[in-house]
Amino acid sequence: MASPLQFLPLFPFFFLVSFCVSHGPFLPKAIILPVNKDPSTFQYVTQLYMGVTHLAPIKLVVDLEGSFLWADCGLTSDSSSQKLVPCNSLKCSMAKPNGCTNDNKICGLKSENPFTRLAATGELAEDMFAVEFIDELKTGSVASIHQFLFSCTSSTLLQGLARGAKGMLGLGNSRIALPSQLSDTFGFQRKFAICLSSSNGAIISGESPYLSLLSHDVSRSMLYTPLISSRDGVSEEYYINVKSLKINGKKLSLNTSLLTMDGEGHGGTRISTLSPFTTMKTSIYKTFVEAYERFGFSMGLTKVEPIAPFGLCFSTKVEEGLNVPSIDLVLQSEMVKWRIYESNSMVKVSDEVMCLGFLDGGANQKASIVIGGHQLEDNLLEFNLGTSMLGFTSSLSMVETSCSDFMFSKDSSPFDS
């Protein structure tokens, strides 16, 4: 019987390579996935290996809230190790299927492209996937996961994804999302971290020493706040309890009921890797932007004509050093605040103009605040699904490091091609 774990030497990902396999005597301390930001779509892209005889690279868009990995069937069907999962099986029930396909024989999963809103019913499949692992704070080898569950779906769903992406990697709180499958395979705690960047970042799953992969150990600077579940307790998305917003330390006058999720799942603050910038419900956004403009004016900023999609922009030409207002998301107490500094609040759109990187999400936005990618960059976030807690650092620039400082194998990169 094959072991669920195999160790393989790491080669450049863009080659189709046959590996000589040897069985390791121990489990890895952590798994690490390099992440790049696609400059055209602002999507975050990672890469896994797939298959047994030949480990083929597959690029995937990272979806923090996704329930599972889905990929183009045309790409995956060539794998000799791929098997479809029968309907009414235990594995099928874990996936929360939406029916059966192929004369009620195969477990069916609805896959959706969140950018185009196109959806298709795919087939639940299993195959071997492989990822880079960390041992004794070193990277450079690959651990394989046999019988990894994913949805094999239509190539029509690839429209709107970053160039070269063949599907999406779900990191949501579900039984067959990547964090849960890594936990089941390697015995990790059910937790993972993301550290996004405008260039190179990482997804890490496993034990806490992975923090030392940065040029600084930032574990002591992390703050913690509860992850909030929906009233029915089945949400696979990640919400936090923002109690209030502050600009330069002054609390904004808001309808605080909007900051709490109601019985129908509306309201609250959600974290997303799919939204390039933080969006706010219109009533919150209006108050927020008006206050930010006032504080910016008091600090010597000059408002200029906004550049779409942004609603508030300033000139970068100032007589003295450029300084912008700070933003605080106040969490369970006044002592626990997620501070957003200039690098995460402002977007430089030209040599002469910078814009506030927060957008009006409309009056009907389901979550009152959606924290988007720009505000997440160079913030280390640890999602502990076992304790339902989020650890966060605010900007790593405050400790003179960044998410692009993660120390990967020097011999290869998944984006060398």
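1. For the class counts below, Ala, Val, Leu, Ile, Met, Phe, Trp, Tyr, Cys and Pro are taken as nonpolar, Asp, Glu, Lys and Arg as charged, and the others, Gly among them, as polar. On that basis, the lining of the largest pocket comprises 15 nonpolar, 10 polar and 11 charged residues. The structure under discussion is a predicted model.

2. The largest pocket holds about 910 Å³ of space. Its lining is made up of 36 residues, and those closest to the centre of the pocket are Asp63, Glu65, Glu112, Pro114 and Glu237.

3. Strand E8 provides the largest share, with 4 residues. Strand E8 spans residues 106–112 and also carries cysteine 107, a residue that takes part in one of the disulfides discussed next.

4. The disulfide count for the model is 5. A disulfide is a covalent bond between the sulfur atoms of two cysteines.

5. Cysteine 92 is bonded to cysteine 107, with 2.1 Å between the sulfur atoms. This disulfide is right-handed, because the torsion about its S-S bond is about 80°. The bond connects distant parts of the chain, with cysteine 92 in helix H2 and cysteine 107 in strand E8 (residues 106–112), 15 residues apart. Cysteine 92 is buried, at a relative accessible area of 3%, and cysteine 107 is buried as well, at 0%.

6. Cysteine 87 and cysteine 100 also form a disulfide, and here the sulfur atoms are 1.5 Å apart. This pair, too, links distant parts of the chain: cysteine 87 sits in the loop between strand E6 (83–84) and helix H2 (90–94), cysteine 100 in strand E7 (residues 100–101), and 13 residues separate them. The assignment rests on distance, since a pair of cysteine sulfur atoms within 2.5 Å is taken as a disulfide. Cysteine 87 is buried, at a relative accessible area of 12%, whereas cysteine 100 is partly exposed, at 31%.

7. A further disulfide joins cysteine 313 to cysteine 355, with an S to S distance of 2.0 Å. The torsion about the S-S bond is about 95°, so this disulfide is right-handed. Cysteine 313 belongs to strand E21 (residues 313–315) and cysteine 355 to strand E25 (residues 353–356), distant parts of the chain 42 residues apart. Cysteine 313 is buried at 0% relative accessibility, and cysteine 355 is likewise buried at 0%.

8. Strand E14 (residues 223–228) has two pairing partners to note. With strand E29 (residues 389–395), strand E14 pairs in the antiparallel sense over 4 bridges, and leucine 223 stands opposite phenylalanine 392 of E29. With strand E15 (residues 239–240), strand E14 is joined by 2 bridges, again antiparallel, and isoleucine 228 faces tyrosine 239 of E15. In a regular strand the side chains alternate between the two faces of the sheet.

9. The model contains 12 aromatic pairs. One of them is formed by phenylalanine 42 and phenylalanine 277, an edge-to-face pair at 6.1 Å centre to centre with 65° between the planes. The two residues lie 235 residues apart, phenylalanine 42 in the loop between strand E2 (30–37) and strand E3 (44–50), and phenylalanine 277 in the loop between strand E18 (269–271) and strand E19 (278–281). Phenylalanine 42 is partly exposed at 35% relative accessibility, while phenylalanine 277 is buried at a relative accessible area of 11%.

10. The rings of phenylalanine 129 and phenylalanine 148 have their centres 4.9 Å apart, and with the planes at 50° the pair is tilted. Phenylalanine 129 lies in strand E9 (residues 119–135) and phenylalanine 148 in strand E10 (residues 138–153), so the contact ties together parts that are 19 residues apart in sequence. Both phenylalanine 129 and phenylalanine 148 are buried.

11. Finally, one aromatic cluster is made up of Phe288, Tyr292, Phe314 and Phe358.

Terms used. Residues numbered from 1 in each chain as written. Predicted model: local features only at pLDDT ≥ 70, side-chain atom pairs only at ≥ 80, totals over all residues. Heavy atoms only, no water. Buried < 20%, exposed > 50% of the residue type's maximum accessible area, 1.4 Å probe, protein only. Pairing = 2+ DSSP bridges. Phe/Tyr/Trp six-rings, centres within 6.5 Å; stacked < 30°, edge-to-face > 60°. 1 Å grid on protein atoms, 1.4 Å probe; cavity = no way out; pocket = protein on both sides within 12 Å on 5 of 7 lines; lining within 4 Å. Points joined across faces, edges and corners; volume = space filled by probe spheres on them.
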